[in-house]
Amino acid sequence: MPVARPELSDSRVIAHVDMDCFYVQVEQRKQQSLRGQPTAVVQYNSWQGGGLIAVSYEARKFGVKRSMRGDEAKQVCPEIHLVQVPVARGKADLNTYRNAGSEVVSILSRRGRCERASIDEVYLDLTIAAEAMLADNPPECLETISEEVVKSHVLGLEEVGSDARENVRHWFTRSDASRRDKLLACGAFIVAELRLQVLEETEFTCSAGIAHNKMLAKLASGMNKPAQQTVVPFSSISKLLRTLPIKKMKQLGGKLGTSLQIDLGVNTVGDLLQFSEEKLQEYYGVNTGSWLWNTARGINGEEVKERLLPNSHGSGKTFPGPRALKTVASVEKWLNELCEELSERLQSDLEQNKRIAHTLTLHAHAYKSNDGDSFRKFPSKSCPLRYGTSKIKEDALSLFQAGLREYLGLFNVKISGNQNNGWGITGLSVSASKIVAIPSGTRSIMNYFHNQEESFPQVKLSSEQLIQDAPLLSPSEDSLESGGHLTLQSIEPWIACREENEETKYSMPLDRQEEDKDMCKEKLPDKVTSICSSPDAEVYRGWEKDQTESSGDYLTVKIRDSLESEEGKRKSNKEKGMSTISQYFQSQLSGSLLKAEHASTSKLSESSSLSACQSELPQENSPTRGESSVDTHLYGQIKLKRPAWSYDIDEIDQDILNELPKQIQEEVQAWLRPQKRPNTVKRDLGITRYFLPAKDK
């Protein structure tokens, strides 16, 4: 099977920007006295002075390395300043560094597509900006070139002697250069300008690599540091890769790189050139083999993805050696700490960026001391994420329990308290992923049912009747457009989902905001807007209006016209198939109205029932004097009896469902999700409950 190959003559302009010794720079900005001094940032634990996580270039000159502990670093460099990472909840607090990284990202994203790869590194796609510069103001036409650009390193260019910078200047301003080299030169000008802006606005220095793809730019950014940049022309790619150790290449530092060394005798990237693509595919499969063949030639088609914000949030901690956690109680204690930090970050992301996460995942590293399978991996577990610290804690503990039972092979045993079967936890983390932005200008399909809810009286349900757990739904823009501050409380009605006793239940919360027909038509997608303009919707809206008018037979005629119209639609649907999910619910509603009309004609003589219905209506909603008893009774039946909604999965056209917006698809799929125990019968678990009002507190 042929594999799509990126073009060999790639002319994109990609930059990888790396913030130099970023943790140290952040601390030096807080304490100006540390600038120019040998400095290292250490972990919060005090054992042997703490582990070094960042070392300044001044300290590196004395031989200090990141692999050292604080005490050892002081022996090598007595003048070194050791700065401790901030601590929160018994673990390192990296928020200061994350926020500082965001400052840099906001500046770098001004000139092109920006992908934040980590706290301190960014990819930029500057192709469009470079092409614009080449067209309007090419480098060979510039009268002056900034010193920062001249300081650039061009791979393959002679840089020895006093003429090194003059050679660089000449390379940038060549009129006979290829278009690819001219684009790279423009990219170097842009990156140098961005790095200067970062320095001026944040006091941070950056190093960068400029090449035709992400792989080469990443390699180049680390070649000349600090505060420098390196350009990789197309003609110098083979020189860069020929002697590069195989373990230095991204994604080859682990098992795959070891396999290449042992099985094929490959020690440098250049050694891969001796193997054909078919040979590599034979050893490692079609996709990996083709990727290795491309990598050896500097070919990489990976795109720079527009991402200024992280794809996930996580919080974790390690417990090495004797500090391993050996009871569920101790695990729960640390899970609570990790979940509190995660919840804070999720809430901050929600308020600042209007994004919500959908999946909660628990990871752990464990060992067993009582059998030979001690290196078996602890299984990761995931579930839908429910917002709220207490809910995240509860779900994380449940995930750990499930993973521990699977790890120990005790599937039907609940392990709790101080019970231990020879296991220990050496690493624990929780993360939130599948983070998406709240769609702007998109309205949920639930808004239609919210409107219809206004036509029904409040119905109070017992606690047994209410379903407590719901599939995760995205908050609508109502809470954002209303000018209110987006908080956890504003999204809780939409976000709740968990698994309990191996049985999942679902409910759909309802919004109490009143929306008119024009608003519904304006913001709902076309396929959903038809709901709001349906005859049934008009009837519902007509009820409130007709309460204060002498309507007589108006309501009856209107309902009858609606039913006749819907009867025709149902016949058409039987011939064509159900065209939309909206029409299906309309047909169900019409059936309920028909039952209500039939019930009214069969009880004309029951004056006591009529009185009861009138007495339960609110005073302002009472029928006017001009209404007949038949219409009054019909009105009472409809007003007090909610239509019974139901659905048959077989009648729903999946193709039509796939045409709906993604947000609506997720909600409808949640409705249709089958129960885990189909034979278990519980009272009133139909879809009717989705459209009932929330229980009064």
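Axes are lines fitted to C-alpha atoms, for helices over the stretch in contact, and the angles run from 0 to 180 degrees between N-to-C directions. This is a predicted model, in which local features need pLDDT of at least 70, side-chain atom pairs count only at pLDDT 80 or more, and totals for chains, interfaces and linings use all residues. Residues are numbered from 1 along each chain as its sequence is written, and side-chain values use heavy atoms, with hydrogens and water left out.

**Two crossing helices**

Helices (H or I, at least four residues) and strands (E, at least two) are DSSP runs, numbered from the N terminus. Helix 5 covers residues 127–136 and helix 8 covers residues 179–202. Their axes come within 8 Å and cross at roughly 105°. Helix 5 and helix 8 are therefore roughly perpendicular to each other. Contact means heavy atoms within 4.5 Å. On the helix 5 side, the meeting residues are Ala-129, Ala-130, Glu-131, Met-133 and Leu-134. Helix 8 brings Arg-179, Lys-182, Leu-183, Cys-186, Gly-187, Phe-189 and Ile-190.

**Salt bridges**

A salt bridge is a side-chain nitrogen of Lys or Arg within 4 Å of a carboxyl oxygen of Asp or Glu. The structure holds 28 of these salt bridges. The table lists some of them.

| Lys or Arg | Asp or Glu | N to O distance |
|---|---|---|
| Arg-12 | Glu-303 | 3.8 Å |
| Lys-225 | Asp-20 | 3.8 Å |
| Arg-386 | Asp-395 | 3.0 Å |

Burial is judged by relative accessible area: buried means under 20%, exposed over 50%, and partly exposed in between (1.4 Å probe, protein chains only).

Take the pair of Arg-12 and Glu-303, which meet in a salt bridge. Arg-12 lies in the segment before strand 1 (14–19), and Glu-303 in the loop between helix 13 (286–296) and strand 12 (313–318), so the pair ties together parts that are 291 residues apart in sequence. Arg-12 is buried at 12%. Glu-303 is partly exposed at 42%.

Lys-225 and Asp-20 also meet in a salt bridge. This pair links distant parts of the chain, 205 residues apart. Lys-225 sits in the loop between helix 9 (214–221) and strand 11 (229–231), and Asp-20 in the loop between strand 1 and helix 1 (22–30). Lys-225 is partly exposed at 28%, while Asp-20 is buried at 1%.

Arg-386 pairs with Asp-395. Arg-386 is buried at 5%, and Asp-395 is buried at 6%. Elsewhere, salt bridges that share partners join Arg-12, Arg-113, Asp-125 and Glu-303 into one network.

**Around Arg-12**

What else does Arg-12 touch, leaving aside its neighbours within four places in sequence? Its contacts are Thr-127, Ala-211, His-212, Asn-213, Asn-300, Gly-301, Glu-302 and Glu-303. A polar atom of the Arg-12 side chain lies 3.0 Å from the backbone oxygen of Asn-300.

Helix 14 has 26 residues, 328–353. The expected span of a helix is 1.5 Å times one less than its number of residues. Just after helix 14, Lys-354 takes a positive phi of about 55°.

Ala-437 touches Lys-354 and Arg-355, not counting residues up to four places away in sequence. Ala-437 is in strand 17 (residues 436–437) and is partly exposed at 49%. Ala-437 and Ala-357 are 80 residues apart in sequence and 8.9 Å apart in space, C-alpha to C-alpha.

Technical notes
Polar contact = N/O pair within 3.5 Å; in protein donor to acceptor, adjacent residues only side chain to side chain. Parallel < 35°, antiparallel > 145°, perpendicular 65-115°, else oblique.
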